[in-house]
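Welcome, and thanks for taking a look.

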Amino acid sequence: MTRALINFPRSVKRGEVFEIRTLISHPMETGYRPGPDGQVAPRDIIRRFTCHYGGEVVFRADMHQAIAANPFISFTTVATESGMLSFTWEGDNGFSQTETIAITVT
């Protein structure tokens, strides 16, 4: 099971720029490294991260083999309205994880 950590202020003022930080635990196998048996381990990486706020994409990142295990992503957005922030990580082998957290805009 993959664990995601998401940090941002749960209450912000309308028009305020705020930072969102995410970290997800994932082994991120590049597909280039040989295993103990000498066979190359199959690629297993997170390929895409997307954040939706109020139904709109506010941040998206495509990742490749050079990304570290347990990728940390930090970005900013502008507080427009109270609602839900949705974070989705997608990867190889059908991997997909979504976390949704409320934000209050005053």
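Two strands pair if DSSP finds at least two bridges between them; strands themselves are DSSP runs (E, at least two residues), numbered from the N terminus. This is a predicted model, where local features need pLDDT of at least 70, side-chain atom pairs count only at pLDDT 80 or more, and totals for chains, interfaces and linings use all residues. Residues are numbered from 1 along each chain as its sequence is written, and side-chain values use heavy atoms, with hydrogens and water left out.

**Sheet**
- Five strands form an open sheet with mixed pairing, in the order β2-β8-β7-β4-β5.
- Its edges are β2 (11-12) and β5 (56-62), each of which pairs on one side only.
- Six bridges join β4 (residues 46-53) to β5 in the antiparallel sense, and T50 has R60 in β5 as its bridge partner.

**Nonpolar core**
- A nonpolar core is a set of buried Ala, Val, Leu, Ile, Met, Phe, Trp, Tyr and Cys residues joined through side-chain atoms within 4.5 Å.
- The largest one has 24 residues, and F8, F18, F49, L85, F87 and W89 have the most contacts inside it.
- At least two residues each come from β1 (4-7), β3, β4, β6 (72-78), β7 (83-91) and β8 (96-105), with β4 giving the most, four residues.

**T22**
- T22 lies in strand β3 (residues 17-24).
- T22 counts as buried because its relative accessibility is 1%, and buried means under 20% relative accessible area (1.4 Å probe, protein chains only).
- Beyond residues up to four places away in sequence, T22 touches L5, I6, F49, P71, F72, I73, F87 and W89, where contact means heavy atoms within 4.5 Å.

Definitions and conventions
Buried < 20%, exposed > 50% of the residue type's maximum accessible area, 1.4 Å probe, protein only.
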